[in-house]
Amino acid sequence: MVSERFFETEGILLRAVKTGERSRSLCFLTQNSGLLWVLARPDSRKTQSADFSCIPSKYHLYLYRTTGNRIYIRESSEKNPYRNIHRDYSKLKTSLHILSPLVKIVQPGASDEFLFKLSDRAFSAIDSSDSEIAALLLVPPYLAILAKHFGFGFPLDSCKKCGSSDVRSISSSEGGFLCAACSDKIFDSKSADAKLLQMTMTSEERKRILSFTGKKTLVALIKSLELYLFDQFSKNTPDIYL
Ligand SMILES: [Zn+2]
């Protein structure tokens with residue numbers, strides 16, 4: 001935990017809660033201080049210049065910690081508003097599937113630069129994607145990397161129980177993919193296209209499969225991976241229609 005009174009960091013705005021006429025409590029995923037709740041002071045002219053209404057968007061933040069351990073924004077400058085996400089409703093919906101695990105799973109306080117960079121890359125890639133499918137293709141690899149980052153990683157090409165390479169489903173309780181025979185006996189197995197997940201893992205493959213990947217298959221994979229990830233933290237999956 002950073003203990004200086006004045007500090008600065010880059011941060012991606014994930015949530016904004018109105019606490020008064022002009023004051024807001026803001027949740028940022030920061031580069032140096034993990035998930036951080038900060039207050040935008042209503043009487044600060046500099047803070048007023050940013051209205052913090054576009055979620056997600058990235059700022060450089062100059063922060064001040066009071067003796068009572070409250071953190072205020074002294075100044076901020078916009079680094080990346082992910083402008084196209086806020087112009088295109090389908091991109092916004094897709095980006096909420098990047099944002100949701102950050103808000104629900106990440107614990108405040110722990111510094112996590114990897115997570116900051118991973119989510120910044122995901123938001124930027126959705127922002128600059130050319131189509132709805134291209135944006136959606138970014139979500140499965142993000143969820144798989146996130147699961148691994150939090151210690152719930154799994155092999156993408158073999159059954160968690162028997163090692164068979166013919167995997168069909170994913171199970172939260174078994175911690176990975178299962179073959180057809182094994183998934184029959186597992187109550188929480190959900191069908192999931194492991195081959196598709198493998199193909200989404202690199203940008204070259206994503207480009208290659210772009211033209212023939214169906215939205216329905218992709219959304220089903222995203223739902224199964226979200227269920228897997230959120231189950232590990234005993235949280236409900238995001239209720240965001242894709
Ligand atoms: Zn098996």
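**Figure 1. Contacts across the whole chain.** Take the contacts between residues at least 6 apart in sequence: 54% of them join residues at least 24 apart. Keep in mind while you look around that this is a predicted model. Its secondary structure comes to nine helices and eight strands. The radius of gyration is 20 Å, close to the 18 Å that the globule rule gives for 242 residues, so the protein is as compact as a globular protein of that length. Along the principal axes, the C-alpha atoms fill a box of roughly 65 × 35 × 30 Å. Of the 242 residues, 37% are buried.

**Figure 2. Helix α2 beside helix α3.** Two packed helices are described by the angle between their axes and the distance between the axes. Here, α2 covers residues 89-105 and α3 covers residues 113-127, and their axes come within 10 Å and cross at roughly 175 degrees. An angle over 145 degrees counts as roughly antiparallel, so that is how α2 lies relative to α3. To find the contact, look on α2 for Lys-91, Thr-94, Ser-95, Ile-98 and Leu-102, which meet Ser-119, Ala-122, Phe-123 and Ile-126 of α3. Sorted by class, the residues of this contact are five nonpolar, three polar and one charged.

**Figure 3. Helix α2 beside helix α5.** Now follow α2 to another partner: its axis and that of α5 come within 10 Å and cross at roughly 5 degrees. That makes α2 roughly parallel to α5. On the α2 side you will find Thr-94, His-97, Ile-98 and Pro-101, and they meet Val-139, Tyr-142 and Leu-146 in α5. This contact of α2 with α5 has five nonpolar and two polar residues, with no charged ones.

**Figure 4. The buried residues of helix α5.** Stay with α5, which spans residues 139-149, and pick out its buried residues: Val-139, Pro-140, Pro-141, Tyr-142, Leu-143, Ala-144 and Leu-146. What do they pack against? Their neighbours are the helices α2, α3, α4 (132-136), α7 (194-200) and α9 (215-232). After α5 comes Gly-151, with a positive phi near 90 degrees.

Figure 5. Strands of a sheet pair through backbone hydrogen bonds, either parallel or antiparallel. In this view, β4 (residues 57-65) and β5 (residues 71-80) run antiparallel and are joined by eight bridges. You can trace one of these pairings from Leu-63 to its bridge partner in β5, Ile-73. Five residues lie between the strands of the hairpin, where Asn-69 takes a positive phi near 70 degrees.

**Figure 6. An open sheet of three strands.** Which order do the strands of this sheet follow? The order is β7-β6-β8, and the pairing is antiparallel. At the edges are β7 (176-179) and β8 (189-191), each of which pairs on one side only. Direction ignored, neighbouring strands of the sheet are turned by 45 degrees against each other on average.

**Figure 7. A closer look at β6 and β7.** Strand β6, residues 167-171, runs antiparallel to β7, and four bridges join the two.

Technical notes:
Residues numbered from 1 in each chain as written. Predicted model: local features only at pLDDT ≥ 70, side-chain atom pairs only at ≥ 80, totals over all residues. Axes fitted to C-alpha atoms, helices over the stretch in contact; angles between N-to-C directions. Parallel < 35°, antiparallel > 145°, perpendicular 65-115°, else oblique. Contact = placed C-beta atoms within 7 Å. Nonpolar A, V, L, I, M, F, W, Y, C, P; charged D, E, K, R; others polar. Pairing = 2+ DSSP bridges. Buried ≥ 20, exposed ≤ 12 C-beta atoms within 10 Å, placed from the backbone. Rg over C-alpha atoms; globule rule 2.2 N^0.38 Å.
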